[in-house]
Amino acid sequence: GKGLKARLAKKIPIQREKFLGIKCLHGNKSIGQITVNSVMGGMRGLPLLFCETSSLDKNKGIYYRGILLKDACAKLPRVKEGSQEGTPEGCFFLLTTGLMPSKEEAEEVTNEWLKRGTVPRYCLRMVDSMDKRVHPMAQLCAACACLSSQSKFVEAYRKGVRRADYWEYVYEDSMNLCAMLPTVAASIYNNVYHDGEGTREIDPEQDWSGNFCRMLGLPDEDFIDLMRLYMILHADHESGNVSAHTCHLVGSALSDPFLSFSASMCGLAGPLHGLANQEVLVWLTKLREAIGDEPTDEELKNFIDKTLKGGQVVPGYGHAVLRDTDPRFVLQNEFAMKHCKDDPGVKLVTRLWKIIPEVLKKLNKVANPYPNVDAHSGVLLQHYCLKELQYYTVLFGVSRALGVLSQLIWSRALGAPIERPKSFSSSELCKFIQEA
Ligand code: NMX
Ligand code: MLT
């Protein structure tokens, strides 16, 4: 067969052999040095993890399966006449198989997800029973953990399935979870902001993003295109970021994909990670209240200074790996320039792109003073009337599922072992230093 699973079944034995070969032949080779800073500095920059799906180059940007993100966006097939962006379904195909899908192959994923998208009633009942004060991200984590009772992997593991076959069940769970996420996420949105109004019916004529936007009550074609782009851009970011690493770590204990993804979302919910997209909008709103929609450069610089003097970070700026403007910021800005360049929020974000780096550079400590993905997304969502800031990280989460679950399938396919680094107490570390 030519479908996604068949492609994987063909590719996995080849990659497995390569992986084992590298391990056997070169397992003892050193490729980096661990310093005291590595141990005390969040392992920043250490070449420690394996990731087949995507990689970052600190200056050149982001690659999905070796293809520059910008080019991947340009090449992914468009499903519908008139749609200007590729589909996240095609992106999932690319991330998992390493192959750019044909139009038919991308559509095949769309159709699979349409078939698998029904969310069990007990999960929706749980979502419906949530108090509106529970943050949408906490609701997403709870709902995904609850879906664990659907896991085909758990069932197979209990029956004693062979280790070499784990990936097939992780694949099934991952496909089901991706398929169900728009309904879960839209239900959270409608419960928190629209008293539970809105449809949960999947329209078989729509793609994954089209259905999601329809369920959010925002069926505008341009917004659906924005959502397709958004879902592609936020999907994968190699494996060291908090959400991807968490999914891998939890999955390495053979927790099922629903639990692993739920844990990953708990990480994405932090303000230094995915929640930054909410924080950016909070910050921009305060800025506009304080100095208006068209402030002078001086007024902007003073406002940024005030944020820094208050001991806060400027949200949406900086990155642990990238050392230039995040390509995902640039691609969103290109979308904005095409569709809504006169929007006051878009204009402000575009101006700040030049001003904030100047201010951050003067601090002499910020490794990357340029904007990241989160600096832009909020104003675009605002433009298309998705106004509820506390919901923004859920969109990031739905997208991140595509990347971290692709990675999880490969972790099981390659037999990645349980992750378990060694730790030191401060006195053990001192002893180590003295002996070194
Ligand atoms: N505003 C002010 N200070 C900053 C910023 C910023 N945007 N970015 C880094 N710094 C500071 C940082 O707090 C640290 O200060 P100190 O030594 O006093 O603790 C110093 O600069 C060095 O940090 P870096 O090595 O540049 O950054 P690190 O790799 O530790 O962290 C981030 C990366 C992304 C966590 C950091 O840049 C940040 O906090 N940015 C703002 C929050 C944000 O936008 N996060 C979203 C990241 C993307 N995502 O979606 O996950
Ligand atoms: C991400 O998309 O995961 C962020 O840019 C954070 C990171 O890479 O550390």
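This is a predicted model: local features need pLDDT of at least 70, side-chain atom pairs count only at pLDDT 80 or more; totals for chains, interfaces and linings use all residues.
Residues are numbered from 1 along each chain as its sequence is written, and chains are lettered from A and ligands numbered from 1 in the order in which they are written. The residue after H18 is Cys385, with a positive phi near 75°.

The chain holds 20 helices and three strands, these being DSSP runs numbered from the N terminus (helices H or I, at least four residues; strands E, at least two). Of its 436 residues, 45% are buried, a residue being buried if 20 or more other C-beta atoms, placed from the backbone, lie within 10 Å of its own. The C-alpha trace spans about 65 × 65 × 40 Å along its principal axes.

Helix H18 covers residues 374-383, and nine of its ten residues are buried, among them Asp374, His376 and Gln382. These buried residues pack against helices H11 (221-233), H14 (276-291), H16 (327-339), H17 (344-362) and H19 (392-413), where contact requires C-beta atoms, placed from the backbone, within 7 Å.

Ligand 1 is surrounded by 22 residues, of which Ala276, Val313, Gly318, Ala320 and Ala367 are the closest; a residue counts as near if its C-beta atom, placed from the backbone, lies within 6 Å of the molecule.

Notes: A residue is buried if 20 or more other C-beta atoms lie within 10 Å of its own, exposed if 12 or fewer, and partly exposed in between; C-beta atoms are placed from the backbone. Two residues are in contact if their C-beta atoms, placed from the backbone, lie within 7 Å.
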